[in-house]
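Colleague: I'm new to this one, so please take me slowly through the salt bridges. After that, I'd like to hear about the packing and the overall build.

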Amino acid sequence: MVDQADSRVHGTALARASAAMAVATTVSRVSGLLAKVLLVAVLGLGMVNDSYTVANTLPTVVNELLLGGVLTSIAVPLLVRAQQEGARQGEVYAQWMITMGGVLLVAATTAAVAAAPLLTELYLGPDTRANAALTTAFAYLLLPGIICYGMSALLQAILNVRGVFGTPAWAPVFNNVVVIATVVVYAMAPGEITTHPVRMGEPKLLVLGIGTALGITAQMLIMAVSLRRSGFRYRWQWGWDRRLTEFGGLAGWVVLYTLVSQVGMVVITRVTGQGTTGSVATFNYAWLLSQVPYGVLGVSLLTALMPRISRAAAAKDTVEFVADVSLGSRMSAVLLMPISALLAVAGGSIGVAFFSLGASDLAAADRLGWALAAAALGVVPFAITMLQLRAFYAMKDARTPTWINVIMVLVRSVLCYVVLAVLDPRDLVIGVTAAMSVSFVVGAIAGQIWLHCRVGPVHTRRTLAGIARTLAATLLGSGCGIAVLAGLRSAFGPFGPVTDAWFSLVVHTVVVLAVSFGVLALVRAPELKPAVDRLARIVRRR
């Protein structure tokens, strides 16, 4: 009886923690969206934003190659193992990891800053519409953030292992707040960013570059303070840990996975940079916007399912493993497909409504909206692919995800150069975004086939039936949204571009989501039941 009571208490605490993390994730995504809207308002979607976007990507690229995959495959398992040996051993091991990680990050940052012009040339290529000199100037200001990106990821891993989840979930919000404040200061700063020649001493360039770097610094400091408040005390710990050797093979494949992904990003950036000015920033914003539903719903689903999938894999319980992976794929479709349909049919409206402010113009905002619509088509395949890759990792198989990623990057790269050859430069960013979405469709199919080869039947027919049911409901919702909007427009007459965009967005949001989820509820889609039960519990509490 005591064990059951403890289990219920633990379950309640876990549910509350998950709910708090979901709120923090939502606030983070909303504040991040606000920061992007303000950036477009003051920078526009032109050469300056292209240069800033590429430079702002470079610190994350270098950090991902160093610590991103390694944390997944090495750091967290070793931290957990050390923690299980005792609190003291866990703290010493965390101290050692901070020491070694810090040294690695400082060395990488120094090398990256010295090689800033080469990194810029690698990503932009010779035919870009972005300004290489301005991108390099931003890179000099932003590349020192590699230390903060890496340490933030490391501190988050240590906090999570110590049972602290709230601070890492809220820390990105502080980053976004600093960036928002930076945009405000940028708008009030005197002068302009000039490109002939680029001058590092210009107030606006310094404000934007240093302010952005301060944002990730704030995120790191918040987690450092939280770690200290949890009782952790840092001491310098040096040397080599022999336990790293057994994870070396796994880490190698994960690092290779990351390297392949970055090769794909180089291709995308180079191809997109040959479109109209602002295409690189447009692609970046469209893809980030399309990831908001996955970040709020998909990640929460993955977080809830992964412990079950990992336990089933560890116990070699194939039946339970397959059931959970299949359920995750079907729930991803049910939760995300109606929202991705909304982004697809209302993409143009979203672009004009949010991104036609200030320095941006209607044509650039409309192009961003259509790029968002193309990116939205890949939301569900992306979520399913991420679930499949985590399932392979749960089986301690890092090789298969890497090969699946190779396939996706190859498909994406070939399609990017096809659209470069056939599309007008104005539409190139839309074609590149569509290529990204298609590559995830291919990845989801490849992952399903590979899972079947690895563990046997994986409920493919049931998964396809659930996806088809959701697709039918979503298409009906989208059709109703288009029809209702056409009727209302004819009844109330023409509007101005921005007013019409907001009007269309409201109508599509209400109709598409209501009809799609309503139909799924009427046909009693089994994948919708957990979400409905959760909503019912919230209503009863009120």
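Modeller: Let's start with the rule: a salt bridge is a side-chain nitrogen of Lys or Arg within 4 Å of a carboxyl oxygen of Asp or Glu. What you see is a predicted model, where local features need pLDDT of at least 70 and side-chain atom pairs count only at pLDDT 80 or more, while totals for chains, interfaces and linings use all residues. Residues are numbered from 1 along each chain as its sequence is written, and side-chain values use heavy atoms, leaving out hydrogens and water.

By that rule there are four salt bridges. One of them pairs R454 with D397, and their closest N and O atoms sit 2.8 Å apart. This pair links distant parts of the chain, 57 residues apart: R454 belongs to helix 16 (residues 428-455), and D397 to the loop between helix 14 and helix 15 (399-422). Helices here are DSSP runs of H or I with at least four residues, strands are runs of E with at least two, and both are numbered from the N terminus. For burial, the cut-offs are under 20% relative accessible area for buried, over 50% for exposed, and partly exposed in between (1.4 Å probe, protein chains only). R454 has a relative accessible area of 42%, so it is partly exposed, whereas D397, at 11%, counts as buried.

Another bridge joins R489 and D500, again with 2.8 Å between the closest N and O atoms. R489 lies in helix 17 (residues 460-492) and D500 in helix 18 (residues 497-522), so this bridge ties together parts that are 11 residues apart in sequence. R489 is partly exposed at 34%, and D500 is buried at 18%. There is also a bridge between the side chains of D424 and R426, at 3.0 Å from N to O. D424 is partly exposed, with a relative accessible area of 33%.

What about disulfides, meaning pairs of cysteine sulfur atoms within 2.5 Å? The structure has zero of them. As for individual cysteines, C416 is buried at 0%, and C480 is partly exposed at 27%.

Now for the packing. A nonpolar core is a set of buried Ala, Val, Leu, Ile, Met, Phe, Trp, Tyr and Cys residues joined through side-chain atoms within 4.5 Å. The largest one has 120 residues, and I309 and F321 are among those with the most contacts inside it. Helix 10 (residues 279-314) gives this core its largest share, 15 residues. Apart from it lies another core, of five residues, including V334 and L528.

Contact means heavy atoms within 4.5 Å, and beyond four places in sequence I309 touches F321, D324, V325, L387, A391 and A394. L387 sits in helix 14 (residues 379-394) and is buried at 2%. Setting aside residues up to four places away, L387 in turn touches L302, I309, V325, G328 and S329. Its C-alpha atom is 9.2 Å from that of G298, 89 residues away along the chain.

Finally, the overall build: the protein has 19 helices and zero strands, and 49% of its 542 residues are buried. Among contacts between residues at least 6 apart in sequence, 83% join residues at least 24 apart.

Conventions:
Disulfide = S-S within 2.5 Å.
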